[in-house]
Amino acid sequence: MLRIVNRVVTGVVGLVLVVLGGSVLAVGLGVKPPSWWVHDGRHDVLLSDAQRTRWRADGWWWPTVLATLAVLVLLALWWLVAVLRRRRLTEVAVSTGDGEGALLRGRALEGVLATDAGALEGVAHAHVRLAGTRTAPEARVQLSLEPHVDPGVALDHLTANALAHARDSAGLEALPTEVRLTGVKHRAERVS
């Protein structure tokens, strides 16, 4: 849900900025603007001399403007870092027993774990995503179960087989896991 809201808000803000910037550019290139538009013509400025110097004598005006702009820039940078930050774990540190260690690709471990989880009886589809840190990974597993499967049995099989195998093969002491179980929709059966 957060990803959808983020994309919609980013798209709307981007569209508004493109429309405003394009209209200012068009007026600057000589296109006649409508009567209600902010700029009257090609040589119109964003702020007139009267608007710019209106609060010049007040000592609070420019520090307030600069502080507001600084807060807006910091919020924009925070949002950019949050969007660009990777949430998927790319590597898992594996202990080899000789003191050296090795790195295992996160997608490889996700694929093996999803294959093992999907091979369980009654699992229609399995999706795995790793999060956390290289030395303490966490798994998020989503299982789509067939209608006849008991969720408790499927969870027990997942814990005993797929998760234990992944934890042991990667040499991890623990692999905290969040499991989401969903049911597969099926067509009604005919009764005769």
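Strands β3 (residues 123-132) and β4 (residues 137-145) pair up in the antiparallel sense over 9 bridges, pairing here needing at least two DSSP bridges between the strands. A hairpin of 4 residues carries β3 over to β4, and Val123 sits opposite Leu145 in β4. Helices (H or I, at least four residues) and strands (E, at least two) are DSSP runs, numbered from the N terminus. This is a predicted model, with local features needing pLDDT of at least 70, side-chain atom pairs counting only at pLDDT 80 or more, and totals for chains, interfaces and linings using all residues. Numbering runs from 1 along each chain as its sequence is written, and side-chain values use heavy atoms, with hydrogens and water left out.

Helix α5 (residues 151-169) has 19 residues, which at 1.5 Å a residue should span 27 Å, and its end C-alpha atoms agree at 26 Å apart; the expected span is 1.5 Å times one less than the number of residues. Still, α5 has a kink of about 35° centred on Leu158, taken as the angle between axes fitted to the seven residues ending there and the seven starting there. Just past α5, Gly171 adopts a positive phi of about 70°.

Leu113 touches Val128, Ala139, Ala162, Leu163 and Ala166, leaving aside residues up to four places away in sequence; contact means heavy atoms within 4.5 Å.
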